Structure formats: C-alpha cells, structure tokens
Amino acid sequence: MNPTDHAVEFVNELIASSDAEPHLLLQHLIRIQQEFSCIPATASATLSQHLDTPLAVVNGVIDFYTFLHTSPRGEYDILFSDNITDRMAGSQLLIKQLCNRLGVEPGAGAGTGNTSVDATSCTGMCDQGPGMLINGMTITQLDEQRIEQIAELVEQNRPVDEWPQDFFAVSENIRRTDLLLNARIQAGEALNSMLASGSCKTLESIDAAGLRGRGGAGFKTALKWSLCQNTQADERYVVCNADEGEPGTFKDRVLLQSRAEELLEGMTLCAGIIGARKGFIYLRGEYLYLLDHLNSSIEARRANGLLGKSITGQSNFDFEVEIHLGAGAYICGEESSLIESLEGKRGIPRIRPPFPVMQGYLGKPTVVNNVETFIAAAQITVHGSDWFRTRGTTESSGTKLLSISGDCRLPGIYEYPFGVTIREILKDCGADNTQAVQVAGAAGHMIPVDEFDRSIAYEDIATGGSFMVFNRERDLLAVTQNFSRFFVHESCGFCTPCRVGGALLDKLVYKLQRGRASRYDLEEMRTIATLMRDTSHCGLGTTAPNPVLDLLDKFPYTYENRLIDDYGPAFDLEAATKDAREISGRHDNGIITERQP
Ligand code: SF4
C-alpha cells in the first residue's frame, strides 16, 4: 500500500473505532503522529472531512502543539529535557555526544536519517536527570555510558521496545512522608462515606478542612465544587489536571503512579457531589509511560462497580473517566487552556469570566483540580476535617508535596506541613552552600539566602510543588536565561505583551549574560517586565517576568560587574561580523586575507 493510501486508511479506521466528534481532533492527531512520526497531509485532509472541521483548523492545531509535526521525525525521535536542572547535570554535553556519535544535527528533524535529536521543556524527571524522551517514552539518568549504549542501539536499528528495561525505570524517590502519603484509603471508602453522610455534609467537611487547590493558586476546593454544583445545567464535568508542566515539578508523576486509585476516588467523589457523569484526566504527553497504568486503574474500578453505571449500586450515580493526552504545550496547565485542549483545539486561554465552574468543557459547568487536590479531598472525606487540620497553618491547612531537585544530595518527593521554612527543607535534602532556591517553577520566585526563614504557605510563598536548589557555583544569570527562553517557547502568542515582551526580555537577559548590557538595559528590562506582568492576558504572561524582576531586585551581584557604561557600544561589531569575515577572508580594515580553498 502506498503511504498516501495507508494514511487515509489509518484515519478511516481510527474514526470507525472511536467517534467523529470534533473535540477528539487532538487525540486523533496524537495517534496519527504516533503511527507515522508526523501528520501526513492526506491524514489531515481525511480527518478534516470526518470531523467536519476546516482543514485550516486542523493545521492550526498541529502547528500549536510541540509534539505534532507535518514533516517526519526520525524512526528514533529523541527529545532531551531542557530544564535548568538537566543542564546542571550535564545534558548539553550529552546532546553533543549523541549528535556527534550519530552524525545528527540537533533540531534538524529526521532529514534522510533515521534519528532526530532535539530539546523539549522539562519532562518531569528532574530528580533523576538528565532525562530524555524517545518516541514519547521516558529515559532517565543519562550519562556518557548510557548515551553510548543508546547510540549503539540506534546504529543496530533495535526497536525501542527491545531496549533494556532499566533505561525506562522511573524511581519514585519519596524522601519524606506526612499526612497524605502516610494515609491510605480503601477503594470506595470515600464514596461510601459521602453516600452515608450526604453530599452537603461532605462538602462542609472539605470546607471545614480548609482544603485549597494544590496547583499553587490556592482557590478553596469546596467553594469551587459548590459553585459548579449550583450552576444550572444538564451536564457537568470533572477534570483532573495532570499536566504538571511547571519546570522542576514532578510530584504528580509519583501520585499518578502510586495513588491512581485514590485520584479516581477523589474525582468520583467530586462527580457525586456536583452531579457529573463524565470526567477526564488530562495527562501531559511527557507522561505517556503512565497511560497504560492509568487505563488499568480505570478498568479495575469499573470492574469493582466504582466507575461506570450505578456506582456502589446507586441507580442514579453514573460516572466515567477518560484519559486525554497533552502534546507538549505548557500553557495547557492553565485551566481554561486545558479545557480548550480537551475540546481538541489550540490551547489558547479563554477570557474569564465566565469561569470554568460556570462554563467549562463544552460550555458546561466544570471542576478542574489537580491530582494532589483530588486525593486530599478523598482522604478528608474518610478521615475528617480535624485530621487534616492537624497539619499546616490557619490559612494553609494540611500538607504540601514538594518536588526537590538541583544542588542537593537527596532530590525527590518531600511532603511537609504548610509553614515549613526554606531553611528546614534545605537541611533535609542535603543542600550545602546554597545561593538561592527557585520555588514554584520558572513562573515562581527566586529566594535569596536572607529569606530562607520564609515559609511554604499560601500566605507566604505559594507553590504548586517545584523547589529547585542552586549552590554558589551556579550562574543565576544562566538560570534566568533558561527560564526566559522557556517562556518565549511556551507563550501561546495570543496577546502582544507576552508574545513580544517575552522575546524582548529574553534578548536583554542574553545581552546581560554576554556582558553587553548597560544600566539603561536594566531599566528597559524592568519596564518590559512590569508591562508584561500588568497587561498580559493570562497567568503565563503575568508570571513570566518574575525571574527577571527577582534577578534585578534580589541578585544585583550577579550582573553588576558585567555591565558596560551607558555610552559603550551595545552592539558587538566584531562578534556580529566574525562569520562573514571568515567566509569572505576579509578583515574589518578591508585587507583581503588568505581565502580558504
Ligand atoms: Fe498566550 Fe502569553 Fe497571552 Fe497567556 S499571556 S494568552 S500564554 S500570549
């Protein structure tokens, strides 16, 4: 069969085995990408007809998501994780090593070869990096030896599913447990408790516990659920945001692996309270390796009468959960973008209000919470609000899971009661000689030494869980550059302050790092950063300048001695013309030098 016919037939079979609903567009595209290592034009056209969706829309979606391509990737499609912690662990040298070994140009696609090598945003393996994805599957703990083994396997043309299984091992690295990780609930226990006491009492209990969203924003969970419950509608939805894309965050990865049952219990509990019959887990594409495990957990609950029709024997309690994959777009962690993506569209954040609890998925009231929040809600329902309030502070009850990485001896997952100080955490994870800690990922804040007595809590330093440690050997300008580059890559491009401001900031950070910036440039950085913060459309744009503002305000020693005076040339003529001079064999003074043959 020729490739064109194959693509058409594949799409026909895909549609025949599922639905021809437009909101499945992204999921169908992901399947096509997996099959062909790109989206062939004939597949897009066929899909467009089946879904009755304009081809321009289909192409727009392909263009939006980093993991979708219109030209073929390699048979071995390798993406190195490019978080700052991967770089600190030597990922840049490993990329070079692999590319040199295989004769591949990084970022060049497959070309005529069988391998493509590129970089992608944080893959959520910072505690065991450097990491990479190969054909979507995670490989951790890369070093020179493992890279050499990978090169040999590629040269031998060995299929990835025949590679050594230890390459794909992902450790849990749970280093400290507390309330949430120490407690276990039985399948159905929270649902039985809710059915026994009623949804009102259950909601009151979650409210009394003071549970707030664990994604970092801290919206009260009970209030969110009751707003959704009280919005008139014929359908409501429950969505689990398992798209933890914030650089340096990986604690949901561990919960999805080891607590999937409790996550589904929490989602079903929410469905029972708000009256939803359908739920989704939006799983980040980087966690593809968890897909089978999660589907098995769903199947097991269905078999036990805890999902599907008449849950726990209640004739009016039906609830199904479906997993949708993301495709490499950080912005889809924002709840309205996530909903757009669930509907198969580009993940452009919506204008709010209306909020998702009123008009969410397909315009219906929708609760979106993250993995940790659903698990905490299920546990509170079983163990009670007083149990939950035994930890934390008045405003921040309970505990928080942190993903700790960077310059420390014991990276991994740590569960702490809210109110724990940065200093205590650094002591526990074996961090010495610490210069700064980035809390809450690239969008969060860089905390200097004199603020290490501040605490993790909504009333002080709020976080979704990322905690990256930098010792005194690190160049914080390089860290800031990594974050500013990340935001340029991840901006959805919808609004000007973020799209243009982010790129300008990135250029100025680069200039500063290269020792070509003056005090005027610092003022420019502050003006642009403030403008972005105050006028961007969504949280990505309002938080993207944080690393630059922190650098300017709290770490002047990192750039003071790199500044040029205000009247010095900001443009490096020598560097800018170096390549051209070498090619033409000319020096700047016009003397023609010996040309290369
Ligand atoms: Fe998109 Fe950035 Fe604007 Fe958010 S702030 S809508 S990510 S361009």
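Buried area is the accessible area, taken with a 1.4 Å probe, that two parts lose on being put together, summed over both. The legends below describe a predicted model, in which local features need pLDDT of at least 70 and side-chain atom pairs count only at pLDDT 80 or more, whereas totals for chains, interfaces and linings use all residues. Residues are numbered from 1 along each chain as its sequence is written, and side-chain values use heavy atoms, with hydrogens and water left out.

View 1. The chain is divided into domain 1 (3-64), domain 2 (76-171), domain 3 (175-388), domain 4 (399-470) and domain 5 (475-597), with bounds that come from an automatic or database domain assignment. The C-alpha centres of domain 1 and domain 3, the pair shown in the next view, lie 29 Å apart.

**View 2. The interface of domain 1 and domain 3.** Between them, domain 1 and domain 3 bury about 1,100 Å², and 63% of this area is on carbon and sulfur atoms. H23, L26 and F64 supply 54% of the area that domain 1 buries against domain 3, which is more than any other three residues. In terms of contact (heavy atoms within 4.5 Å), 12 residues of domain 1 meet 18 residues of domain 3. Three residue pairs, with both residues at pLDDT 80 or more, are in polar contact between domain 1 and domain 3; a polar contact is a pair of N or O atoms within 3.5 Å, where within protein one must be able to donate a hydrogen and the other to accept it, and where residues adjacent in sequence count only if both atoms are side-chain atoms. The elements that give two or more residues to the side of domain 1 that touches domain 3 are α2 (25-36) and α4 (55-64), and α2 gives the most, with five residues. Helices (H or I, at least four residues) and strands (E, at least two) are DSSP runs, numbered from the N terminus. By class, this side of domain 1 has seven nonpolar, four polar and one charged residues, where Ala, Val, Leu, Ile, Met, Phe, Trp, Tyr, Cys and Pro count as nonpolar, Asp, Glu, Lys and Arg as charged, and the others, Gly among them, as polar.

**View 3. The salt bridge of R184 and E262.** Among the 44 salt bridges found in the whole structure is the one in which the side chains of R184 and E262 meet, at 3.8 Å from N to O. R184 lies in the loop between α8 (179-182) and α9 (189-197) and E262 in helix α13 (residues 260-274), so the pair ties together parts that are 78 residues apart in sequence. R184 counts as exposed, at 51% relative accessibility, whereas E262 counts as buried, at 2%; buried means under 20% relative accessible area, exposed over 50%, and partly exposed in between (1.4 Å probe, protein chains only).

**View 4. The salt bridge of E322 and K278.** The closest N and O atoms of E322 and K278 are 2.5 Å apart in this salt bridge. Because E322 lies in strand β8 (residues 320-325) and K278 in strand β7 (residues 278-283), the pair ties together parts that are 44 residues apart in sequence. E322 is partly exposed at 28% relative accessibility, and K278 is also partly exposed, with a relative accessible area of 24%.

**View 5. The salt bridge of D475 and R562.** The side chains of D475 and R562 meet in a salt bridge at 2.9 Å from N to O. D475 is in the loop between β14 (466-471) and α19 (476-490) and R562 in the loop between α23 (546-554) and α24 (573-584), so the pair ties together parts that are 87 residues apart in sequence.

**View 6. Backbone details in loops.** Most residues other than glycine have a negative phi, and most peptide bonds are trans. A cis peptide bond joins R352 and P353, with omega about -5 degrees, and P353 is found in the loop between α15 (335-342) and β9 (366-370). A440, in the loop between β12 (434-439) and β13 (445-448), has a positive phi near 80 degrees although A440 is a residue other than glycine.

Key
A salt bridge is a side-chain nitrogen of Lys or Arg within 4 Å of a carboxyl oxygen of Asp or Glu.
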